Amino acid sequence: VRVYENDQPIKPPSYLKWSKTGAKEGELVFVTGHPGSTARLNTVAHLTQLRDTSIPIILRLLERREAMLKKYMAMGEEQTRRAQNELNSIQNSLKVYRGQLAGLKGRTLMPRKQATETALRRWAAMNPDRKAKYGDAWDAIAKAHQTLPTYIRERRIFDQAGGFNTALFGIARTLVRLAEENQKTNAERLPEFTDARRASLELGLYSPAPIHDDFDKLKLADSLGFMIELLGADHALVKQIMNGKTPEARAAELIDGTKLKDVDYRKELAKGGKKAIESSKDPMIALARLIDPKAREMRKRFESEVIGVERTNYAKIARARFEREGNKVYPDATFTLRLAYGAVKGYLEKGKRIAPFTTLGGLYDRSAKFNAKFPYNLPPRWTEKKSQVNLATPFNFVSTDDIIGGNSGSPTINKNGEIVGLIFDGNIQSLIGDFYYDETVNRAISVDVRAMQEVLRKLFDANHIADELLKG
C-alpha cells in the first residue's frame, strides 16, 4: 500500500528502516501495534464456567458448521468457492477455542490463577477499607457465572441466533427490530439502532450481496438441527419454530417462501414500519417476530446479570491489583496502541526443543512430506523457481513478545528501530494468552525480512520494491 499526497507518493520524514541483517537468536525485539482484547482479570469462577459450559457449546456449534461446510464444498468447484472463506474462519475459531479449552483443562493455568486470586483476596481482606472497596467483587462474579448455565443455551440459540444460520434471518431480525426501535427515543433504543449507527445498519440491511438458496438451506437446516440438539425437540418455542417439520423441510420452506432476497422489498417493509412488519406474511419475518420476545429477554438478562456485574466488579479487581502491585503488571489489551518487548527465543514442546527460526527450505520440505496436498501445496511459481531460492534463508521466527489478536501486521523491530519482521500469528501454546501469559512457551510469530527480500527478488522479480524497502 502506498500513500499519496497531492498525487505524489508521500515521503515521511520519519519511518522505520528495513533491517539488512534481520534478527538473531537472543536479540531484544519490540512489537508496536493495537492488540485486541485479553481477559487476564477473569476470576477462577468465570474461567470454570467457560471451561465447563460456554466453550463446549461453542465448539459443538463450530464443529457442526465445519462438517456442513465440507459437505457443501464436496459438491463442486463453485460450492467450494462460496464456502471456502467461511470454512477458513470456522477452522480458525476451532483452533482458538480448542487451544483455550486445552489450557483451561491443563495442569498449569487454573492452579496459577487460583494462587494469584487467593493472594489478592487475602490482601484485600486484611484491611477494612480494602475489604469494603474490593472484598465482594469475586463473589458477585461467581454468582453471575453460576447462574449463566441455566439460560446460556437459550441465549445461544435465540439471542445470538445460533439456531438460524442464514443471512436472510439476520435481515428479518433487523427489520423486525428496526420497526420496534424506531418508536423509541434515540436514548432508549438498542445501541445498534441509534442514529449514530443508522448509516452502517442500513448499509448492511440493503446490501445486494448474492444469497445462494442451496447454500443457505443447508446452513439453516444444520443450525435448526443444532437448536434441537441443544434445547430438545420438546422445548415449547422449538416446537413452534419447527411446526412439525424436519430441519431440512423447515429450512426449505423458509428460504423458498421469503422475499427478503429482494432489496426493494426490504426497503418497502422498513418504510412501512411496525404495521407492515406485524401484517407481513413473509415466513422469515414471521420467524423473527416469533422469537424476538425470547431473544430480547435473554439479551436483557445477560446484560443485567453478567455484563453489568462484570463491568462493576472487574473494575474493582483491577483497582485492587494496581493498588497492590502498581506497575509490575500491565493492564488487559483494549485495541489501544501498545509497545511489547521480548527476545527471539525458541521453546520446548513435549521435551523437544523448537528452534526460533524456520527456513524457506523447510517450507519446501514440509510440502514434499505431505505430497504437496492442501494445505501444503505451493503455488506453481514457488515450485518452478525453487532452484533460484537460497533455501537457508530464515523464513519465520518466534519471540517472547506478548501479543494477541489484533497485532497481526504489526512491525517487529530491533533496538535500532529497524524492521526485522512482521507479526502474523502466535504458536499453538499462545492460545491461552487471553487468560494468562506464560513466557516459557507463549511465542509471537513474525515473517522474517530476509525471507521477504528473497521472495520479492527470486520469485516475483520485484527488485524495484525490494530495493526501495532497503533504501527507504
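Gly433 sits in the loop between β11 (418–426) and β12 (444–448), with strands (E, at least two residues) and helices (H or I, at least four) taken as DSSP runs and numbered from the N terminus. The model is a predicted one, so local features need pLDDT of at least 70 and side-chain atom pairs count only at pLDDT 80 or more, while totals for chains, interfaces and linings use all residues. Residues are numbered from 1 along each chain as its sequence is written, and side-chain values use heavy atoms, with hydrogens and water left out.

Gly433 is buried, at a relative accessible area of 1%; buried stands for under 20%, exposed for over 50% and partly exposed for anything in between (1.4 Å probe, protein chains only). Setting aside residues up to four places away in sequence, Gly433 touches Thr38, Arg40, Ile404 and Asn442, where contact means heavy atoms within 4.5 Å. Gly405 lies 28 residues from Gly433 along the chain, and their C-alpha atoms are separated by 9.8 Å.

Zooming out, the protein chain has 17 helices and twelve strands. Its C-alpha trace spans about 70 × 65 × 50 Å along the principal axes. Of its 472 residues, 46% are buried. Among contacts with a separation of 6 or more, 76% come from residues 24 or more positions apart.

Next come the nonpolar cores, each a set of buried Ala, Val, Leu, Ile, Met, Phe, Trp, Tyr and Cys residues joined through side-chain atoms within 4.5 Å. The largest has 53 residues, and the members touching the most others are Phe158, Phe164, Leu175, Met227, Ile241, Leu260 and Met284. Helix α13 gives the most to this core, with ten residues. A second, separate core has 23 residues, among them Met68, Tyr72, Ile90 and Leu94.

Helix α13 (residues 283–325) also packs against helix α3 (residues 109–125), at an angle of about 80° and with the axes 11 Å apart. The axes are lines fitted to C-alpha atoms, for helices over the stretch in contact, and angles run from 0 to 180 degrees between N-to-C directions. That makes α3 roughly perpendicular to α13, a label for angles of 65 to 115 degrees, with under 35 being roughly parallel, over 145 roughly antiparallel and the rest oblique. On the α3 side, Ala119, Leu120 and Trp123 meet Ile317, Ala320, Arg321, Glu323 and Arg324 of α13. This contact brings together five nonpolar residues, no polar ones and three charged ones; Ala, Val, Leu, Ile, Met, Phe, Trp, Tyr, Cys and Pro count as nonpolar, Asp, Glu, Lys and Arg as charged, and the others, Gly among them, as polar.

Then there are the salt bridges, 39 in the count, each a side-chain nitrogen of Lys or Arg within 4 Å of a carboxyl oxygen of Asp or Glu. Glu323 pairs with Lys133 at 3.6 Å, N to O. This pair links distant parts of the chain, with Glu323 in α13 and Lys133 in helix α4 (residues 128–134), 190 residues apart. Glu323 is partly exposed at 39% relative accessible area, and Lys133 is partly exposed at 42%. Arg189 bridges to Asp195, their closest N and O atoms being 2.9 Å apart, and Arg189 is buried at 15%. Elsewhere, Arg177, Glu181, Lys184, Asp292 and Arg296 are linked in a network of salt bridges.
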